[in-house]
Amino acid sequence: DPRIYSYGHRNTQGLAFAFEPLGNTIGFSVEHGSTIDDEVNRLVRGNFGWDPDAKYSEQNVPMTDKQKFPDAIEATWRSGSPAQAPSGATFIQGDAWKAWDGSLAIAMLKSKHLKILSFDSSGKLTKEERALTDKGRLRTVRQAPDGSLYITTDNGNNDQIIRLVSKQ
């Protein structure tokens, strides 16, 4: 079906798009694993390897099943074991963010931090960092028009909306 761009995604929690100066768009999906293998995938046309016949609750099942789907697209980032439970994501843009400009920020639930993934021009992962490790479970992250990041918590009570600004 030509309307389907990509398939074989397990449990997509977020989509993030960056718009390059030449008008190209780069997209990433952020996906929950079972007990292992959360993934971040650069969106391209094709199969990302999750077996649609697999049970949602299966434990210790890799997200990208290369045995059943040998041509499945490999993840850009994966958690391995244990799962970290990624959620919402956004691209950080702006010179004020320095080394984080162009990086992908991901709210992490189980591992309770803001994950920052940096990529080279081909989309290959070059650096992984942790930030905001003292607020509990993080659910979403969005960049505001003024360049600041807004992050929501998901702790069940006393939840917050946190504003994070770059160091100037």
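## A covered strand

Strand E8 has cover on both faces: Leu 104, Ile 106 and Met 108 are buried on one side, and Ala 105 and Ala 107 are buried on the other. Buried means under 20% relative accessible area, exposed means over 50%, and partly exposed lies in between, with a 1.4 Å probe and protein chains only. E8 spans residues 104–108, and five of its five residues are buried. Strands (E, at least two residues) and helices (H or I, at least four) are DSSP runs, numbered from the N terminus.

This is a predicted model: local features need pLDDT of at least 70, side-chain atom pairs count only at pLDDT 80 or more, and totals for chains, interfaces and linings use all residues. Residues are numbered from 1 along each chain as its sequence is written, and side-chain values use heavy atoms, leaving out hydrogens and water.

## The chain as a whole

The protein chain has 13 strands and zero helices. Along the sequence, its pattern reads β-β-β-β-β-β-β-β-β-β-β-β-β. The C-alpha atoms fill a box of roughly 50 × 45 × 30 Å along the principal axes.

Buried residues make up 47% of the 168. The accessible surface comes to about 9,300 Å², and 50% of that belongs to carbon and sulfur atoms. Accessible areas come from the Shrake-Rupley method with a 1.4 Å probe; for residues, only the protein chains shown count as cover.

Contact means heavy atoms within 4.5 Å. Among contacts between residues at least 6 apart in sequence, 49% join residues at least 24 apart.

## Strand partners

Two strands pair if DSSP finds at least two bridges between them. E8 pairs with strand E7 (residues 86–91) in the antiparallel sense, over four bridges. E8 also pairs with E9, again antiparallel, over five bridges. In E9, the bridge partner of Met 108 is His 113.

Further along, strand E11 (residues 138–143) and strand E12 (residues 149–153) run antiparallel, joined by five bridges. Here Arg 142 has Tyr 150 as its bridge partner in E12.

Most residues other than glycine have a negative phi, and most peptide bonds are trans. Several sites are worth a look against that background. The hairpin of E8 and E9 has four residues between the strands, and Lys 112 there takes a positive phi near 50°. Lys 112 is partly exposed, with a relative accessible area of 41%. The hairpin of E11 and E12 has five residues between the strands, and its Gly 147 takes a positive phi near 95°.

Lys 98 is not a glycine, yet it has a positive phi of about 50°. Lys 98 is found in the loop between E7 and E8. Its relative accessible area is 54%, so Lys 98 counts as exposed.

The peptide bond from Ser 81 to Pro 82 is cis, with omega near 0°. Pro 82 lies in the loop between strand E6 (77–78) and E7.

## Aromatic rings

Rings of Phe, Tyr and Trp (its six-membered ring) pair if their centres lie within 6.5 Å; planes under 30 degrees apart count as stacked, over 60 as edge-to-face and the rest as tilted. By this rule there are three aromatic pairs. The rings of Phe 28 and Phe 119 are stacked, because their centres are 4.7 Å apart and their planes are at 25°. Phe 28 lies in strand E3 (residues 25–31) and Phe 119 in strand E9 (residues 113–119), so the pair ties together parts that are 91 residues apart in sequence. Phe 28 is buried at 2% relative accessibility. Phe 119 is buried too, with a relative accessible area of 18%.

Trp 97 and Trp 100 form another stacked pair, 6.1 Å centre to centre with 10° between the planes. Both Trp 97 and Trp 100 are buried. Phe 28, Phe 91 and Phe 119 form one aromatic cluster.

## A charge over a ring

The charged end of Arg 10 sits over the ring of Trp 50, 5.1 Å from the ring centre. A charge sits over a ring if NZ of Lys or CZ of Arg is within 6 Å of the ring centre and within 35 degrees of the ring normal.
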